[in-house]
Number of protein chains: 2
Amino acid sequence: MAQGDYRMLDAAGLVGLLEGLAPHVRLGGAPSEWRIREVGDGNLNLVFLVDGPEGSVCVKQALPYVRAAGPSWPMSLERAFFENAYFRAVAPHVGARIPQIFHYDPVLYCTVMESLSSHIILRQGLIAGRRYPQMAQAMGEYVARACFSTSNFAMSCEAKMEAERLFAANQALTRISVDLIFCDPYRQSERNRHTAPQLDSLVSEIRADSALKVAASRMGLKFMTQSEALLHGDLHTGSVMVNAQDCRVIDPEFALYGPIGFDVGAFFANLLLNWFAQPGHATSQDDRMAQQEWLWEQAVVYWNTFRSTFLQLWSQAATGDAYPNVLWTSAQDSGALQAARDAYLQNVFADMLGFAACKMIRRIIGFAHVLDFESIRDLQRRAHCEAGALRFARSLLIHPQQFASLDTVGDALTS
Amino acid sequence: MAQGDYRMLDAAGLVGLLEGLAPHVRLGGAPSEWRIREVGDGNLNLVFLVDGPEGSVCVKQALPYVRAAGPSWPMSLERAFFENAYFRAVAPHVGARIPQIFHYDPVLYCTVMESLSSHIILRQGLIAGRRYPQMAQAMGEYVARACFSTSNFAMSCEAKMEAERLFAANQALTRISVDLIFCDPYRQSERNRHTAPQLDSLVSEIRADSALKVAASRMGLKFMTQSEALLHGDLHTGSVMVNAQDCRVIDPEFALYGPIGFDVGAFFANLLLNWFAQPGHATSQDDRMAQQEWLWEQAVVYWNTFRSTFLQLWSQAATGDAYPNVLWTSAQDSGALQAARDAYLQNVFADMLGFAACKMIRRIIGFAHVLDFESIRDLQRRAHCEAGALRFARSLLIHPQQFASLDTVGDALTS
């Protein structure tokens, strides 16, 4: 079918689509018994939950424009294709950390997948002050496995180049990242907004800070050139769904080959954004100090788990062309290789902080903001939280040499 | 036509091809008056020179196997496509530094181009002790222009991703580089050879040097991940043709997106290999000391020209998404940006040395050797020259911090 056969899904369209997928997709009963809800709250898509007597599915469809901006900002439908391609690429390696995919429709640009109706968006849980004991470890393992298995550490150079070919076509969403993360926040742009007038002077300072702009540009160039692994590309706490026992990664439509620190840093940044937002959600019953402490602990567990999982994979599953196995034969070789692995992870750590800082800044003074701050109704309080995050992120970017370990990051956070 | 219509060109095939291209390709006279010579001396291709009464052309055809190894090592014909794609990509930016391309034939995998019959291979000229006063500057400018214009400094992120898609298909030749440059030389392999028994113990030392293997692997990973610019991919002195006035780059069939230092370092390495080979070509009339001195001067001119040209382009022709122009508005911005540019070029310098060292080593103890040493008939003398180059390259790789400038490299060379 031609691309012209695309149409926005409505209830009738959904029923037609899902009837065609039976018995593979099992809802049970007659379509008249199905409950259909549109629940999309992101920036880009329609999301339906469909519940039948015997089962539920989630149907996500790309819209031909940026939902948050309206039809005046057109957006390639192909992002649904890349989302599906990412899920397929990482599925063998990340186990149940992604939803089960039942069907991808290349004409409707929609994916029929497992409904996660017992889960909520992690960001919402964290804002509500909830805790998810397994989340940090699960996410550290997830990023390590997804990145390692799509890198030159696990793949032959040919297989990785083939994957790079595929994802290098995801240009429309990469353009969004390049503009909204690494450029717009550092200049006047119609797409920016910030809590005004409270943050006006800090924002002006940031946009006049030459060292900061150079540092952000350096990270932007890394983003566009350092093709280390297949990235989710938008791994914030709104792309993670949780309940007490489980944790799933969704929405990889920004998928691209890039620096591992970009994915690692995205999630780290969003834990920190939530950390900075906590005082804004304090009540007379809960000052949220304990939640802040818990959040930082999770950030530490997250990085440490990422690091140890990546190192473990490197020593046990290095089937790629990077640091090829055939070279390491002696005990001395093993020692040198271990030191090289540590040095590599230290570079990922530095990248994590740099990208995290860029992402914190863009969520406060750029186009797309986060509910962590947006849900603080008192603008004075909100601005106070946001200013703390901005100053911290700026420090990460312009004084990277001061942050060689998580301890120094934690000290700076609470100082 | 199907790929099955490929056939190795012979005289009759050449005449048929060239007759079909008239009058675009002008040889003059009747085909019976054309002189046809097969002159290929590289590792991979047939190369014909065809001279008619009114003009000449060069016809280069890919063979379905590695010519240096025979039909037992099959090789993708597609490399002719990538050679042509590279020429097309850089042609608008490098002026007359590449041959004029008249025709590319996608069935025969052959290119009809300007005949450079008044030129010789630079490597041969340097071995003969000749000097080419414009060569170093021309090559520095060439690499700067080719790399800058295909990077995120000049291209939009979309255009660069599109180019990356194209060249990420050049997997067969990338496999050769990955194996022959970054892996095989550092282990026992049937494809390796070295001047034996003279170099036996040094080669054993190299293959047991854990720090060296880690450093070579680090460069190998950079090669596979750092997608900075479109590279020639095999820019040694055998890929450059010269005469007293002119200098042309040929044979870009290894073209891929990669680290700029890889191309910069390839040419640098081959100037150094020739430097180390000079004593092997000394005679009672010419000890080649002055030629050595001249060669190092050329290496210095080459790097300095590359650097200043790249910086000039960055300040005058930065139309890409890297360090985006819109961010730099104040005098303070200009100063910070200039410092960032210097730091970037310092990283390219370090990459140049690292890649140059890998390339020097592989040309002495790996599969494909260079005529600079191979033409030294006395094995004792040859081995002495080669050992000097190996020790120097090893030092560049395992003590990179000692080589922060060309002065320190030059001092180490002559110490």
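Biologist: Which residues of H8(B) meet H13(B), and what makes that a contact?

Modeller: B:Ala211, B:Leu212, B:Ala215 and B:Ala216 in H8(B) meet B:Arg394, B:Leu397 and B:Ile398 in H13(B). They count as a contact because two residues qualify if their C-beta atoms, placed from the backbone, lie within 7 Å. By class, this contact has six nonpolar, no polar and one charged residues. Here Ala, Val, Leu, Ile, Met, Phe, Trp, Tyr, Cys and Pro count as nonpolar, Asp, Glu, Lys and Arg as charged, and the others, Gly among them, as polar. Please keep in mind that this is a predicted model, in which local features need pLDDT of at least 70, side-chain atom pairs count only at pLDDT 80 or more, and totals for chains, interfaces and linings use all residues. Residues are numbered from 1 along each chain as its sequence is written, with chains lettered from A and ligands numbered from 1 in the order in which they are written.

Biologist: How are H8(B) and H13(B) oriented, and how do you know?

Modeller: The axes of helix H8 (residues 210-225) and helix H13 (residues 379-398) of chain B come within 9 Å and cross at roughly 70°. That makes H8(B) roughly perpendicular to H13(B), since angles of 65 to 115 degrees carry that name, while those under 35 count as roughly parallel, those over 145 as roughly antiparallel and the rest as oblique. The axes are lines fitted to C-alpha atoms, for helices over the stretch in contact, and the angles run from 0 to 180 degrees between N-to-C directions. The helices (H or I, at least four residues) and strands (E, at least two) are DSSP runs, numbered from the N terminus.

Biologist: Why are H8(A) and H11(B) called oblique?

Modeller: Helix H8 (residues 210-225) of chain A and helix H11 (residues 331-365) of chain B pack at an angle of about 40°, with their axes 9 Å apart. H8(A) and H11(B) are therefore oblique to each other.

Biologist: What makes H9(A) and H11(A) oblique?

Modeller: Helix H9 (residues 260-277) and helix H11 (residues 331-365) of chain A pack at about 50°, their axes 7 Å apart. That makes H9(A) oblique to H11(A). This crossing, too, is right-handed. Among the contact residues are A:Phe262 and A:Phe268 of H9(A), with A:Met352 and A:Phe355 of H11(A). The class division is 14 nonpolar, three polar and three charged.

Biologist: What relation do the copies have, and how do you know?

Modeller: A rotation of 180° with 0.0 Å of shift along its axis superposes chain B on chain A, with an RMSD of 0.0 Å. That is the relation of a two-fold axis. The superposition is by least squares on the C-alpha atoms of residues with pLDDT of at least 70 in both copies.

Biologist: Through what surface do the copies meet?

Modeller: Some 100% of the interface residues of chain B are also interface residues in chain A, so the copies meet through the same surface. In the interface, 41 residues of chain B are in contact with 41 residues of chain A. On the chain B side, the elements giving two or more residues are helix H5 (157-167), helix H6 (171-182), H8 and H11. H8(B) provides the largest share, ten residues. By class, that side has 20 nonpolar, eleven polar and ten charged residues.

Biologist: What kind of peptide bond joins A:Ala196 and A:Pro197?

Modeller: The bond is cis, with omega about 5°. A:Pro197 lies in the loop between helix H6 (171-182) and helix H7 (200-207) of chain A. In chain B, a cis peptide bond joins B:Ala196 and B:Pro197, where omega is about 5°.

Technical notes: Left-handed = near helix turned anticlockwise from the far one by under 90°.
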